[in-house]
Amino acid sequence: MGLVEDKLKNLGIKLAPPKPPVANYLGTKQVGDLLYVSARVSQLTGTVGKDVTEEEAKKAAHATMILLLSIIKKDIVDLDKIADVAKLQGFIRSSDKFTRQPQVLDGASELLIELFGENGKHARTATGVNQLPYGATIQLDMILQLK
Amino acid sequence: MGLVEDKLKNLGIKLAPPKPPVANYLGTKQVGDLLYVSARVSQLTGTVGKDVTEEEAKKAAHATMILLLSIIKKDIVDLDKIADVAKLQGFIRSSDKFTRQPQVLDGASELLIELFGENGKHARTATGVNQLPYGATIQLDMILQLK
Amino acid sequence: MGLVEDKLKNLGIKLAPPKPPVANYLGTKQVGDLLYVSARVSQLTGTVGKDVTEEEAKKAAHATMILLLSIIKKDIVDLDKIADVAKLQGFIRSSDKFTRQPQVLDGASELLIELFGENGKHARTATGVNQLPYGATIQLDMILQLK
C-alpha cells in the first residue's frame, strides 16, 4: 500500500471502485505528464443557500474529492505517482444569494493538502452556477502532474 | 486531404471558414505542444429545459464542435497534427430544472471519438449556466495535444 | 524594473501587494513551465444587466486583471519571466438577459495585449453565471507559460 493510501486509511477514508462515466468521456486523460481529471458531481443534490447549507455543501465537496481520487486510482493504480496538484475547479450550485463558494470548496482542497502536503497545494477556481448534472450540489474537476 | 478530413467528408461534414473572434482574443493559442482552443458558442440560442429541447441542444453541441474544428484547421492547417484530445469543457445554458448536461455534451464528444478514435477520448466537464454570450445554448472550449 | 513593469508604470497602473487567498489555496501554482493562476474576483459586486452596466463590468475586468498581475508578481517576482499567456477564463455574473460577456472580458484581455504584445494574445472563455464569491461581478483565472 502506498503512502497516500496509508494516509487515506488513517483518515478513515476508503476508496470504492467508481461507477463508469454516465456519458461518452473518460474518467481521466493523460497528456504528457499532465493528468486531466473529468468533472464528477456530488451525490448530494440541491442548491446551497436554498435546500442545502454551507456546511453540508462543504462535506459534499470533501466526498466528491474522494470520488475523484477513486477514479484517479482506477486509472493510474498507484496514487503515489501524483507529483503535484496543479488546478482544482469547483462549480457550486448556488442560490442567487449564496456567495461563500470558496469556503465550500475548502472541503475538497483541505483533503488534497492532508494527503499530498506541499505538493497538494493548488491553484483553484470556485464558481457559482444555477444548475449541475443530476441536480448535484457540487462539481469538481482537476489537473494533476504525474511523476 | 488528411485522414481526419477524409473522415469528416465521409460523415458529410464540411468545415466552413470561421468568422473571426467577436472580441479581443485568439481562436487558438499554442503553448509547448498544448493547443488551447477558445470557447465558441452555438448558433442556436435559448435555454435547455425552457425554449430548447435536450435533443436540439445535443445537435447544437455537435454543430459547435464542427465550428471549433474549423477554427483549429484555420490555425494549424492540418487536423492530422492533433495527437490527443486532452479536455473538453462545455457550458450548457440550462433552466433551473434541466440536469442532463452530460447527455447534451455527448453531441460534441461523440464527434471527437468518431474523428480521432482512441486519441479522441477525453476528460470532460459539462456544467449548467444561466446565460451565455449572445444568448447561445452551448459554449465549448478544448485543450488538445499536437504531434 | 522590468519591461512589463515599465509598461504598467506608463499606463499609470500600480501593483499593490495582494491580500492572501481567502481560503485554502495558492495564488499561483507552477507545474513544469505552466503557471496556473487561481481565480480572483472583482471588488465590484452586483449583476451585469441588473445592478451593474456593461461599461462598469468591463472596467472591473480590467481591475481584476491588475489584481491577478499583483498576485503573479508576488509569486514569480519578475513579470518579464512570463513567456506567453495561454488561456484566460472569465466568469461574469449576469442577469438572465445579459449576453455580452465577451465585451466585458475584453477589459482584461486588452491589458494583457498592451503589456505582453503578441505573446499576450490568448485563448479565452467568457461565461455567464448567476452568482460568484462575495457577490462579485467578475471572476478571472489564467494559465501562463513561463520562460
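How do the axes of helix α2 (residues 54–76) of chain B and α3(B) cross, and within what distance do they come?

**Entry 1: ground rules.** I noted that this is a predicted model, in which local features need pLDDT of at least 70, side-chain atom pairs count only at pLDDT 80 or more, and totals for chains, interfaces and linings use all residues. Residues are numbered from 1 along each chain as its sequence is written, while chains are lettered from A and ligands numbered from 1 in the order in which they are written.

**Entry 2: two helices of chain B.** I looked up α2(B) and α3(B), and their axes come within 7 Å of each other and cross at roughly 35 degrees. Here axes are lines fitted to C-alpha atoms, for helices over the stretch in contact, and angles run from 0 to 180 degrees between N-to-C directions. Helices (H or I, at least four residues) and strands (E, at least two) are DSSP runs, numbered from the N terminus. The crossing of α2(B) and α3(B) is right-handed, that is, the near helix is turned clockwise from the far one by less than a right angle.

I then listed the residues that meet, and among them are A57(B), A61(B) and M65(B) on α2(B), with V104(B), A108(B) and L111(B) on α3(B). Contact between two residues requires their C-beta atoms, placed from the backbone, to lie within 7 Å. I sorted this contact into 8 nonpolar, 4 polar and 4 charged residues, where Ala, Val, Leu, Ile, Met, Phe, Trp, Tyr, Cys and Pro count as nonpolar, Asp, Glu, Lys and Arg as charged, and the others, Gly among them, as polar.

**Entry 3: where chain B touches chain A.** I found 26 residues of chain B and 23 residues of chain A in this contact. On the chain B side, β3 (82–93), α3 (101–116) and β4 (123–129) each supply at least two residues, and α3(B) gives the most, with 8 residues. That side holds 8 nonpolar, 11 polar and 7 charged residues.
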